[in-house]
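Here is a friendly walk through one protein chain, written for someone who likes to keep the model open while reading. Take a look at it first, and then we will go through it piece by piece.

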Amino acid sequence: MARVQYTDWTVPVAQVGSHAGQQMPLDRVFPAPSGIGDNIVGVTEGADVHVNGQFDSIVDGLIFTGTFTAPVHAVCSRCDTPLDDDWSEQVTAFFPYEEEQSESKGGKGRKQDEDVEIIAGEDEAEDVYPLMDNGSFADLEALIRDTFVDALPLQPLCRPDCRGLCPQCGIDLNEYPDHHHETTDIRFAGLEALKARLEAAEGSADGE
């Protein structure tokens, strides 16, 4: 049996789980858990995550539906422009009862309800997070972490057509789209040097 370990993300749900069909609203601020992104894009550990939604009780557990909102820090992967902003993600998650408790709630002759349970529970939910302490508590830590880890882009961009920075001097090419450097193709550097020597030699001959 999964025993409860009280954390900042523990939510008591025994009352809503006592009978199928009940609801419990949840509107709270939780600290962001560790492990959401990195220094390029992520949510800083301990930042406020606003959770607004509700738990709905079904035969086999609880379904949480709602919205998570958190301050995401990000930097454009091409031009290094800061992209800090609040991100909101829609969440649907299934919190199943432990098997023994589920059987005690629904009885042993529950084969006729299997199709209803599948539709109402596991197939509808995107993620599964078992309840703790005989169904009395839900823990949102893993759900918050998984939600934002899945949502964060691998390479954040300030805009899809970001030009990035000049590889030679670092100037922002979005602000100076016509910026360029005169360069010589190194494949022809030897020929350029030979041409310069020939021109110098011709100049010396003309001077004589």
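Let us begin with Asn134, which counts as partly exposed because its relative accessibility is 40%. For this report, buried means under 20% relative accessible area, exposed means over 50%, and partly exposed lies in between (1.4 Å probe, protein chains only). Asn134 sits in the loop between β7 and β8, and its phi is near 60°, a positive value in a residue other than glycine. Asp133 has a positive phi too, of about 55°, although it is not a glycine. Asp133 is also found in the loop between β7 and β8 (137-139), but with a relative accessible area of 16% it is buried. As background, most residues other than glycine have a negative phi.

A word on the model itself: it is predicted, so local features need pLDDT of at least 70 and side-chain atom pairs count only at pLDDT 80 or more, while totals for chains, interfaces and linings use all residues. Residues are numbered from 1 along each chain as its sequence is written, and side-chain values use heavy atoms, with hydrogens and water left out.

**Overall fold**

The chain's secondary structure comes to four helices and eight strands. Helices (H or I, at least four residues) and strands (E, at least two) are DSSP runs, numbered from the N terminus. Read from that end, the elements follow the order β-β-β-β-β-β-α-α-β-β-α-α. Of the 208 residues of the chain, 35% count as buried.

**Strand pairing**

Which way do β5 and β6 run relative to each other, parallel or antiparallel? They run antiparallel, joined by twelve bridges; two strands are said to pair if DSSP finds at least two bridges between them. Within this pair, Val72 stands opposite Asp85 in β6. β6 also pairs with strand β7 (residues 127-128), this time in the parallel sense over two bridges. There, the bridge partner of Phe94 is Val128 in β7.

**The nonpolar core**

A nonpolar core is a set of buried Ala, Val, Leu, Ile, Met, Phe, Trp, Tyr and Cys residues joined through side-chain atoms within 4.5 Å. The largest one here has 33 residues, and Phe55, Phe95 and Leu140 touch the most other members. Two or more residues each come from β2 (23-31), β4 (48-58), β5 (61-74), β6 (85-96) and α3 (141-151). β5 gives the largest share, six residues. In soluble globular proteins, nonpolar side chains tend to be buried together.

**Salt bridges**

How many salt bridges does the structure hold? There are two, where a salt bridge is a side-chain nitrogen of Lys or Arg within 4 Å of a carboxyl oxygen of Asp or Glu. Here they are side by side:

| Residues | Closest N to O distance | Relative accessible area |
|---|---|---|
| Arg159 and Asp161 | 3.1 Å | Arg159 36%, Asp161 52% |

Glu141 and Arg145 both lie in helix α3, four residues apart, about one turn of the helix.

**Cysteines**

How many disulfides does the structure hold? It holds zero, a disulfide being a pair of cysteine sulfur atoms within 2.5 Å. Cys162 is in no disulfide, and the nearest cysteine sulfur, that of Cys158, is 3.7 Å away. Cys162 counts as buried, at 5% relative accessibility. For Cys166, the closest cysteine sulfur is in Cys169, and at 3.6 Å that is too far for a bond. Cys166 is buried as well, with a relative accessible area of 8%.

Finally, Leu191, Leu194 and Leu198 make a nonpolar surface patch of about 280 Å². Patches are made of residues with over 30% relative accessible area and no salt bridge, with like charges joined within 9 Å and nonpolar side chains (Val, Leu, Ile, Met, Phe, Trp, Tyr) within 5 Å. The accessible areas come from the Shrake-Rupley method with a 1.4 Å probe, and for residues only the protein chains shown count as cover. Leu198 is found in helix α4 (residues 189-207) and, at 47% relative accessibility, counts as partly exposed.
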